[in-house]
Amino acid sequence: MYKNFFSEANRRFSNYGSNQVEVFRLTSEPVSNVLKAFSAIFRQIDFSDDYQRQFSRLAWKIRCKVLFSLSPFDNEELGLLADLEELSSMSRGIPSFEKDFEYLKNSLMMLIEQNENPKLEWVLKQDFSDINSVTIFALMAMRRSFGTDLISKKSINQNKNIQVLTSLKQLTEQKASTVVFPGTLRYLSSHLFTKLFYHGEFKRICLLLYENEYSSLKNRIKLPESSLFPKLSEGVKLEIKEISDFSVNHSFSSDDYEMNPADIFSSSTNLITDDLNYTWFILFDDGRGFYVSESKKLRVWREQSSYKLLYVSPQELLEGDFVIIDKSIRGEVLEHSEKRDEFLAGLNLTDVWRKPLNALLLAVSAEDISNQMIATGCISKLNKTVGMSESNDLITPFARNLKVNILKWAEGQVYGPGDSDSFYALIQVLVNSGFLKIEVSPKYAAMEWFEQLETLRSKRRNAGFELSAQTESLIEKVFKEETNISDGQEFTLSNGMNVSIHQVAMINEASDCTSKHYSPKIT
């Protein structure tokens with residue numbers, strides 16, 4: 001066991017110490033014409049129109065086949081001709097595309113008729129005999145091959161001993177020293193890119209790009225500054241060697257135009273929330289997806305991880321991860337749990353001040369009560385500001401939130417104010433209004449009742465923690481017992497929670513998304 005561990009560690013360090021990224025630029029006028037034709041089409045698509053977005057998905061699929069396939073372009077298994085016929089049929093529903101689509105159609109037909117594939121020819125011409133082993137990475141977008149795996153066919157491969165990596169599980173098992181990427185890396189997640197390029201998986205990395213094919217390398221996240229290890233904070237840069245038969249301005253330069261996958265795949269069937277602070281778009285296998293903020297932790301099931309149930313940020317997601325989303329509202333599940341009577345009894349204890357609050361709301365508005373609470377001077381943090389402008393800057397948003405919270409307290413949506421000062425101010429206002437009559441001072445009553453609130457909240461929190469632990473245990477049970485979980489499948493767990501499970505196809509930064517005004521979001 002230790003021998004295997006040290007052997008693997010030695011392999012990775014050896015690879016990482018000498019690895020190099022070789023970028024091979026290949027010329028092909030038919031491919032360049034096809035890419036230019038797609039660019040013209042993508043620039044015109046109205047992604048707020050469902051039909052045009054469906055058209056763009058098929059066009060994107062065809063484009064991926066042109067970029068990633070390692071077979072002759074007329075190969076029936078690749079299916080470019082059948083895809084073109086389907087796209088041609090759809091184009092009739094978009095008359096404004098007629099001229100540009102005709103150019104795309106003619107360009108694709110010329111590509112199919114020439115059948116020769118420059119990337120396939122490059123691979124077959126290589127002499128890998130002096131290399132321990134070579135593998136071709138096929139999961140270039142959405143965990144799909146788009147024709148890369150066709151090189152494994154004997155009729156194409158000409159008996160060359162080339163491995164094709166078609167699953168992430170194979171990545172943990174392979175020991176190849178050289179890897180070939182058949183096209184742009186733009187669709188790989190940051191996590192997967194880091195694993196492939198920075199973990200010493202391979203000694204030699206070959207990237208095949210057409211003349212007008214855009215790609216870029218992702219930088220590894222820098223470590224924090226450290227006086228003990230100053231060089232570590234400098235980050236790690238990949239050594240790039242570009243090889244081409246023509247001059248290029250700089251590595252990966254291109255006029256290739258393609259819409260963000262978030263534009264192409266977002267739709268009205270996506271999972272929706274109201275969060276606007278999103279930076280990542282997560283696409284699932286079933287074509288649905290969601291926007292998510294960078295700080296959000298997602299609950300995922302990762303089969304190839306030692307700890308299979310994880311909480312990760314979007315940039316830590318990996319293609320193939322199962323994202324588990326709660327469909328039930330936890331508070332409602334708790335309200336119907338065996339602790340329901342205990343929570344209800346605790347809520348009834350708050351009637352002593354909640355009923356007077358509801359009575360006062362019949363006479364004045366929540367905004368009036370908010371202003372009166374601030375005017376009592378009981379909220380100490382509002383008394384610490386020096387200057388009128390500073391005070392207004394703090395009071396205005398506080399009053400706005402207070403007005404909303406007052407209605408929640410009255411309706412029992414939450415147990416009551418979350419801090420003792422606000423609760424003291426509320427009790428003072430209720431006493432001053434005459435709706436609450438007590439024999440002790442408002443401050444003493446507020447202190448006593450606030451302790452009851454804290455006890456009630458503590459019990460509720462503990463019940464929530466128990467529910468979370470139960471849910472995680474039951475989710476693990478689902479993945480162990482269900483042999484074939486499909487994307488979008490829902491499960492009702494024995495503790496009353498309902499969850500949906502979605503398998504990640506692509507993770508994309510949404511910062512360049514051009515259609516945020518209509519795209520749904522999730523947190």
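A polar contact is a pair of N or O atoms within 3.5 Å; within protein, one atom must be able to donate a hydrogen and the other to accept it, and residues adjacent in sequence count only if both atoms are side-chain atoms. The views below come from a predicted model, in which local features need pLDDT of at least 70, side-chain atom pairs count only at pLDDT 80 or more, and totals for chains, interfaces and linings use all residues. Residues are numbered from 1 along each chain as its sequence is written, and side-chain values use heavy atoms, with hydrogens and water left out.

**View 1. The side chain of Q52 and the backbone of D46.** A polar atom of the Q52 side chain lies 2.8 Å from the backbone nitrogen of D46. Q52 is found in helix 3; helices (H or I, at least four residues) and strands (E, at least two) are DSSP runs, numbered from the N terminus. With a relative accessibility of 14%, Q52 counts as buried. Buried means under 20% relative accessible area, exposed means over 50%, and partly exposed lies in between (1.4 Å probe, protein chains only). Leaving aside residues up to four places away in sequence, Q52 touches Q44, I45, D46, I94 and F97, where contact means heavy atoms within 4.5 Å.

**View 2. The aromatic pair of W60 and F146.** Rings of Phe, Tyr and Trp (its six-membered ring) pair if their centres lie within 6.5 Å; planes under 30 degrees apart count as stacked, over 60 as edge-to-face and the rest as tilted. The structure holds 18 aromatic pairs. In one of them, W60 and F146 are edge-to-face, at 5.9 Å centre to centre and with 90 degrees between the planes. W60 lies in helix 3 (residues 50–68) and F146 in the loop between strand 2 (134–137) and helix 7 (154–157), so the pair ties together parts that are 86 residues apart in sequence. W60 is buried at 1% relative accessibility, and F146 is buried at 5%.

**View 3. The aromatic pair of W301 and F479.** The planes of W301 and F479 are at 5 degrees and the ring centres are 4.5 Å apart, so this pair is stacked. Distant parts of the chain are linked here: W301 is in strand 9 (residues 298–301) and F479 in helix 17 (residues 442–481), 178 residues apart. W301 is buried, with a relative accessible area of 4%. F479 also counts as buried, at 11% relative accessibility.

View 4. Ring pairs join F137, F181, F193, F197 and Y198 into a cluster. In helix 9 (residues 190–198), the buried residues include F193, F197 and Y198, and also L192, K195 and L196. Helix 9 is followed by G200, which has a positive phi, near 70 degrees.

**View 5. The salt bridge of D83 and K61.** A salt bridge is a side-chain nitrogen of Lys or Arg within 4 Å of a carboxyl oxygen of Asp or Glu. The structure holds 15 salt bridges. One of these joins D83 and K61, whose closest N and O atoms are 3.7 Å apart. D83 is in helix 4 (residues 80–91) and K61 in helix 3, so the pair links distant parts of the chain, 22 residues apart. D83 is buried, with a relative accessible area of 6%, whereas K61 counts as partly exposed at 25% relative accessibility.

View 6. The side chains of R302 and D321 meet in a salt bridge at 2.7 Å, N to O. R302 lies in the loop between strand 9 and strand 10 (309–312) and D321 in the loop between strand 10 and strand 11 (322–326), so the pair ties together parts 19 residues apart in sequence. R302 and D321 are both buried. K308 and E303 form another salt bridge, at 3.7 Å, N to O. K308 counts as partly exposed, at 29% relative accessibility.

**View 7. The surroundings of I282.** I282 is placed in strand 7 (residues 280–284). At 0% relative accessibility, I282 counts as buried. Not counting residues up to four places away in sequence, I282 touches R288, G289, F290, V292, L317, V504, M506 and I507. I282 and F265 are 17 residues apart in sequence and 9.9 Å apart in space, C-alpha to C-alpha.
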